[in-house]
Amino acid sequence: HKPFDLDGHEVHISASIGIAIYPGDGESIDELLRHADIAMYQVKNAGRNALCFFDPNMQAEVNARAALEAGMRDALLKSQFMLYYQPQVDAQGRPVGAECLLRWQHPEMGRVPPNDFIPVAEDSGLILPIGEWVLTEALNQLRRWDDAGLPDDERWLRRQWYVTAARGGEARARLLDHLVAPVLDSQAAAAPPLLAALMVER
């Protein structure tokens, strides 16, 4: 952990090390390197600057994660994601907004909890196409409600729109500007013209 001098500059370095041992962790160079790499990422996920020996359970976790990622790609193509809408009310019980909850109904695994698949979606980049689907589907539902004719006291659906992907743990908000702009453009004819779109993962 001690710094060293590099051409007059004080440099600090750390190492994340994964270890795989022959022959228990693999009998070929490729297998040993792959398992050492898996162990190294376990170190990185745990905070870095340490070492970790490969464990067969790590491979099972990698396989499960890969299957989950492939399943989400398939879910986007086969419309396996669903949205549930939960009204939000003020202290007087008047509706002031709506929370849109993302759910995944897998044909074999059944209902997959959001805190299982959303972190994988974030890490793999799938959160962007999933977020686009959520916004598109939510806005389509908003238009269907509007076309059906909402009472005057429910026009909040056209004034403010929040899209939420439910996730266990603390709430973290991320404004997706590149998604919000086309959403606003697509609803430019709505009255009043203000439409807020916020993706919240929690």
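This is a predicted model: local features need pLDDT of at least 70, side-chain atom pairs count only at pLDDT 80 or more; totals for chains, interfaces and linings use all residues.
Me: How much of the protein chain is buried, and what share of its contacts joins residues 24 or more positions apart?

Reply: Buried means a relative accessible area under 20%, exposed means over 50%, and partly exposed lies in between (1.4 Å probe, protein chains only); of the 202 residues here, 34% are buried. A contact means heavy atoms within 4.5 Å, and among the contacts with a separation of 6 or more, 61% are between residues 24 or more positions apart.

Me: Which residues of the largest nonpolar core touch the most other members?

Reply: A nonpolar core is a set of buried Ala, Val, Leu, Ile, Met, Phe, Trp, Tyr and Cys residues joined through side-chain atoms within 4.5 Å. The largest one holds 18 residues, of which M72, F81, L102, W104, F117 and I130 touch the most other members. At least two residues of this core come from each of α2 (56–78), β5 (81–89), β6 (95–106), α3 (114–124) and α4 (127–148).

Me: How should I read the largest pocket, and which helix gives the most to its lining?

Reply: Rolling a probe the size of a water molecule over the atoms shows where empty space is left. On a 1 Å grid over the protein atoms alone, a cavity is a set of points where a 1.4 Å probe fits but cannot get out, whereas a pocket is an open set with protein on both sides within 12 Å along at least five of seven lines; lining residues have an atom within 4 Å of a point. Grid points are joined across faces, edges and corners, and the volume is the space filled by probe spheres set on the points. Here the largest pocket has about 300 Å³ of space, and α1 (29–45) gives the most to its lining, with five residues. The lining consists of D37, I38, Y41, Q42, N45, E61, V62, R65, L68 and V120. Five of these residues are nonpolar (Ala, Val, Leu, Ile, Met, Phe, Trp, Tyr, Cys and Pro), three are charged (Asp, Glu, Lys and Arg), and two are polar (the others, Gly among them).

Me: How many salt bridges are there, and which residues form them?

Reply: A salt bridge is a side-chain nitrogen of Lys or Arg within 4 Å of a carboxyl oxygen of Asp or Glu, and this rule gives three. In one of them, D123 pairs with R65, with the closest N and O atoms 2.6 Å apart; this pair links distant parts of the chain, since D123 lies in helix α3 and R65 in helix α2, 58 residues apart. D123 is exposed, at 59% relative accessible area, while R65 is partly exposed, at 36%. E69 pairs with R73 at 2.9 Å between the closest N and O atoms, both in helix α2 and four residues apart, about one turn of the helix. D74 pairs with K78, where the corresponding distance is 3.3 Å; D74 is partly exposed at 29%, and K78 is exposed at 54%.

Methods:
Residues are numbered from 1 along each chain as its sequence is written. Side-chain values use heavy atoms; hydrogens and water are left out.
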